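Thanks for coming. I will go through one model today, chain by chain, and stop at a few backbone details.

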Amino acid sequence: MENTAVATINHLLKQFPVGGGFFTALNDVTLTFRKREFTGLVGPSGSGKTTLLNIIGGLDSPTEGTVNVLGKALDNTSHGERALLRRKHMGFIFQSYNLLPVYTVFENVELPLILNKVEEKERDEMVKEALEWVGLSDKINSRPAMLSGGECQRTAIARAIVHRPELVLADEPTANLDAENSHHIMEIMVKLNKELSTSFIFATHDEKIMAYLRRIIHLDDSQITEDEHIENPTGGPT
Amino acid sequence: MIRKAYFGVILLTLVLCFGQSDDIAAEQLVKAMDYNLNAKTRILTSKMVVHGRRSSRTIESRSWVKGINQAYTEYLAPPREAGTKMLKSRDKLWTYSPQTDRVIQISGHMLRQSVMGSDMSYNDMMEDRPLTDLYEATVEGSEVIEGRKHWILFLEARVTGLSYPKRRAWVDAEYLLPLKEELYAKSGKLLKSTSMDGIKKVQGRWFPTRFIFKDELKRNSRGTEWIIDDIAFDKEIPDSRFEKAILRK
Amino acid sequence: MLFKIALKNLLGARLRTILNILVTAFSFFLILFVYAMYDGMLQHAKQVTMDTEIAGGAYWHPEYDPLDPMTFEDAHSVLPEDIQSLVDQDNAFPVLVSQASIYPEGRMMPTIMKGIPPDQKIVNMPTDALAGHDDSSIPVLIGKGMASDTKLEVGDAFTIRWLDADRTYDADEGVVVHVMDTENFKLDMGHIWIPLNKARSMLAMKGEATYVTYAKELPPVQNVGGWIPRDINYLVQDMEAIIEADKPGAIIMYMILLALAAMGIFNAQVLSIFRRGREIGTLMAIGMTRQRVVGLFTLEGGLNAVLAAAATLVFFGPILWYFGVHGIPLPIDYTEMGMIMAKRLIPIYTIGLVVSTTALVSLVVLIVSYIPSRRIARMQPTDALRGKAVA
């Protein structure tokens, strides 16, 4: 089994200026994420999970420490290089779906392929395949306003994986969903993790998600308190 | 002085010999008119009354005239015209306006323009070349006007360049002044008429105190009156009076 | 690629987009229309002037200044040989100019008296009306404006007084033989036209002229004998200046309109960026660079100009076409105001006008779209994702 690291973090410190001083969101975090991992960053609100996710995704920069993602040292790259990394090798899933409201499901999912300058015919095939994975083939021409929460999040998942990224970062993907949809979403992502060998990193405090995770990194008050590996996650509704 | 005496004698002779007679030499008559109207120098205070269609304007001025080529006038009233000055030297004319504080030369062509909107042109006002130099005279007859005998004198231009090539004058037999005159175009059409009254003796000569000019082509025109309040002849006028510098003093 | 996304975003805004496009299209239309109208005015005025007055150009006596009547007294002489031969070949006609005073109904009016050959065919003036009259009076041709000012009609007699070459006053009766309806005020206001031979005899200026007008497309005369050649460009320059002088007013008007349209687009852009922070963050998250996002929003705003151009064509095109064909009737006679204006103004649309107007509107719209979009470049993606606009 491959043991390639998709992300390596060493002694990460992240501080935000607040008033006259600083707020420390992450303090001396050292982690390695490997290929095909299905990992969750778990902790209460304000523990630093989203901040860590954003730094891994290149959307934010560390105050100190090194961050290496897919062979790129993020602390030493420009905005443009990080954007390229995200475009080609990463996918994002957000709590509020963040679909573009004027686009159809097809067009939303197609967007990363357009940015990667994929030819139209190939784009068409890849989008349809991605929508099949998430079970939305019949909603191709619908706009987000016409979809349920679960359907919106599935569209977001399809968008996140349509270009076959190595790494998908999901920030509270089930926070706005009911239990049934939450499980459905997780089952899709477990399937994609297996079939596409895509690594998933979640930021969550939803216990429904934790049942599916094979690694749970506990964060509390800006520090890692526990890093547990789970051989056979239970998954599914209890 | 001698010249004055000489003309005085001529006048007297004319009056005595021809005053009541129909027979008079036209040339002599014109010379007599010239003598009465012209002088070496004139200093006068006058009022010009311009009659418009709806109202009249009165402009007061003081003038110094030397010979036929030099004239200087200062306008005294109304307030809008007060301070305006004009200097004529040969065929050039300059004006000064206190409102703009500028001296402007007006071309010779402008001498034919109307003065202050009146029926008189600058030429009419300033040109005093003797008629004997300019016209051939013929006595057409006589006429009694208001109880006074007048010789009817017809004048035809003998030089070119005169505004009015033909004129007819009714000359008072006693005053030897053209109390009425008609000015004609080349075609014979009546263009302007002038009349004089208020005749009085000034320094030994008869002189009118009021002139009336009328443009006969304008219908219902009441013309322009030029009233001489005060006049002195042959007084010494320094040359500086006719230099451009005087306009700004 | 950005274009498709931008277009989709723009069309997705619906009502806001429609309003912005309509306002911009209206500015577009007005700019085109006003400029085309000025062009039309100028072309018409030039055409009328050439047809009725200047033809191919003129040769002026060296003293002649049409703006200074004082020069007329001296501005006349016999024609130089080469110019005379143009006249003899019927390729030109001489005009003798003099100041005169007329007395219609006993009122004095200064005028310019021009002697012109009745049989000339070079300019479009009814000079033939001056032919075939007896010598008992002076036949006079005047324009409608002059007739109105003087209250004269055909058949009316009035006194004309003039100064001849000997500086002597003369006067005679003139009779109006024709009142011409001309758009060229310079032939009308303050002018009386009489036969050239009559003028020469009245003024005692035998064989003389003040200027000579020649036919179109004639080569210039080599030996002008001191007379001054005046080509068409010189002779129309004062008219061009009048029309140009009026342009700033129109420019201000359409700049105000363009500013209104620009403000609308600017506001829409600012609002758009403020409301679509999450979208901006998402675009960055899925791999769009900041510059590209800036470009996207700028293009979105800039597309307003493209759509406005299309809207102008669709909604205002028929109006522009209609006026281009039928013209705009003018309610008053501008010849009294000293302007050569047709009774109907016909705008002239040129490729250059359309292209330059499109470029101007597009540039303005692009600029006002770009300025608010710049702030995206300073946005943190994480803030954008949280829906926080830049402070």
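**Walking through the model**

Right-handed is the word for the crossing of helices α7(C) and α10(C). Keep in mind that this is a predicted model.

Let me stay with that helix pair. Helix α7 covers residues 232-275 of chain C, and helix α10 covers residues 351-373 of chain C; their axes come within 9 Å and cross at roughly 30 degrees. Angles under 35 degrees count as roughly parallel, so α7(C) is roughly parallel to α10(C). On the α7(C) side the contact includes Leu258(C), Ala262(C) and Phe266(C), and on the α10(C) side it includes Val361(C), Val364(C) and Pro372(C). By class, the residues of this contact are twelve nonpolar and three polar, with no charged ones.

Next, what chain C touches. Towards chain B, 17 residues of chain C are in contact with 18 residues of chain B. Two strands of chain C, β6 (157-163) and β7 (169-180), are the elements that give two or more residues to that side. The largest share, four residues, comes from β7(C). The side of chain C that touches chain B has nine charged, five nonpolar and three polar residues.

Towards chain A, 16 residues of chain C are in contact with 19 residues of chain A. Here the elements of chain C giving two or more residues are helices: α1 (2-12), α8 (277-285) and α11 (381-385). Of these, α8(C) gives the most, with five residues. The side of chain C that touches chain A has six nonpolar, six polar and four charged residues.

Now chain A itself. It has seven helices and ten strands. Of its 238 residues, 44% are buried. Taking contacts in chain A between residues at least 6 apart in sequence, 69% join residues at least 24 apart.

In what order do the six strands of the open sheet in chain A run? The order is β6-β7-β8-β3-β9-β10, with mixed pairing. At the edges stand β6 (90-93) and β10 (223-229) of chain A; each has a single partner strand, so one side of each is left without a neighbour in the sheet. On average, neighbouring strands of this sheet are turned by 15 degrees against each other, direction ignored.

One bridge joins Ile93(A) to Ala170(A) in β7(A). Helix α5 (residues 149-161) of chain A packs on the sheet, touching β6 and β7 of chain A, and its direction makes about 170 degrees with that of β6(A).

Last, the backbone details. Ser197(A) is in the loop between α6 (179-196) and β8 (199-204) of chain A, while Asp221(A) is in the loop between β9 (215-220) and β10 of chain A. Are they buried or exposed? Ser197(A) has 12 other C-beta atoms within 10 Å, and Asp221(A) has 12 C-beta neighbours inside 10 Å. A residue with 12 or fewer counts as exposed, so Ser197(A) is exposed and so is Asp221(A).

In chain B, the peptide bond from Ala77(B) to Pro78(B) is cis, with omega near 0 degrees. Pro78(B) is in the loop between β3 (70-77) and β4 (85-89) of chain B.

How values were computed
Residues numbered from 1 in each chain as written. Chains lettered and ligands numbered in written order. Predicted model: local features only at pLDDT ≥ 70, side-chain atom pairs only at ≥ 80, totals over all residues. Axes fitted to C-alpha atoms, helices over the stretch in contact; angles between N-to-C directions. Parallel < 35°, antiparallel > 145°, perpendicular 65-115°, else oblique. Left-handed = near helix turned anticlockwise from the far one by under 90°. Contact = placed C-beta atoms within 7 Å. Nonpolar A, V, L, I, M, F, W, Y, C, P; charged D, E, K, R; others polar. Buried ≥ 20, exposed ≤ 12 C-beta atoms within 10 Å, placed from the backbone. Pairing = 2+ DSSP bridges.
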